[in-house]
Amino acid sequence: MTFYTSECVALAAGYEQADRFLTDVRRHEWPVRPLRHANGRHLYSARELALGAIINRLTAFGVPASKIGQVLRRINDQTLRSEEHTSELQSPDHLVCRLLL
């Protein structure tokens, strides 16, 4: 299994600084949680990296940060991590479009 640092997830979400991203995660109660800790660092799964990309797209569409958490909580885990889905359905852009419809 591949793990991603908070810096990677923050960049996927469109943040230049991981600290600012993690502050917004806590403030707005976004469901982005580290999978494990190692060497004093938070490590995240590919699911959280995909959530970061979705946060980035929702922000670009003008969705307020306070509403992003509601959208993220509605996303089914299987939608993000299922290997059976086509790559088109796994793409964050298509996932965001499906959520907004």
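Q: In this predicted model, are Tyr15 and Phe21 buried or exposed?
A: Both Tyr15 and Phe21 are buried. The label rests on relative accessible area, and a residue counts as buried when that value is under 20%.

Q: What kind of aromatic pair do Tyr15 and Phe21 form?
A: The angle between the ring planes decides the kind, and planes over 60 degrees apart count as edge-to-face. Tyr15 and Phe21 have 65 degrees between their planes, so the pair is edge-to-face. Their ring centres are 5.2 Å apart.

Q: How many aromatic pairs are there in the count, and what are the values for Phe21 and Trp30?
A: The count comes to two aromatic pairs. Phe21 and Trp30 form a tilted pair, with 6.3 Å from centre to centre and 45 degrees between the planes. Trp30 is buried, as is Phe21. Tyr15, Phe21 and Trp30 together form one aromatic cluster.

Q: Which residue has its charged end over the ring of Phe3?
A: Here one looks at where a charge lies relative to a ring. The charged end of Arg36 sits over the ring of Phe3, at 4.9 Å from the ring centre.

Q: How many salt bridges does a search of the whole structure find?
A: The general idea is a side-chain nitrogen of Lys or Arg within 4 Å of a carboxyl oxygen of Asp or Glu. The search finds three salt bridges in the whole structure. One of them joins the side chains of Glu7 and Arg41, with 2.6 Å from N to O. Glu7 belongs to helix α1 (residues 6–12) and Arg41 to strand β3 (residues 41–44), so this pair ties together parts that are 34 residues apart in sequence.

Q: Where do Asp24 and Arg27 lie?
A: Asp24 and Arg27 are in helix α2 (residues 18–28), three residues apart, and are therefore separated by about one helical turn. They form a salt bridge whose closest N and O atoms are 2.9 Å apart.

Q: Which residue meets Glu48 in a salt bridge?
A: The side chain of Arg47 meets that of Glu48, at 2.9 Å from N to O. Both Glu48 and Arg47 are buried.

Conventions. Residues numbered from 1 in each chain as written. Predicted model: local features only at pLDDT ≥ 70, side-chain atom pairs only at ≥ 80, totals over all residues. Heavy atoms only, no water. Helix = DSSP H or I, 4+ residues; strand = E, 2+ residues; numbered from the N terminus. Buried < 20%, exposed > 50% of the residue type's maximum accessible area, 1.4 Å probe, protein only. Phe/Tyr/Trp six-rings, centres within 6.5 Å; stacked < 30°, edge-to-face > 60°. Lys NZ or Arg CZ within 6 Å of the ring centre and 35° of its normal.
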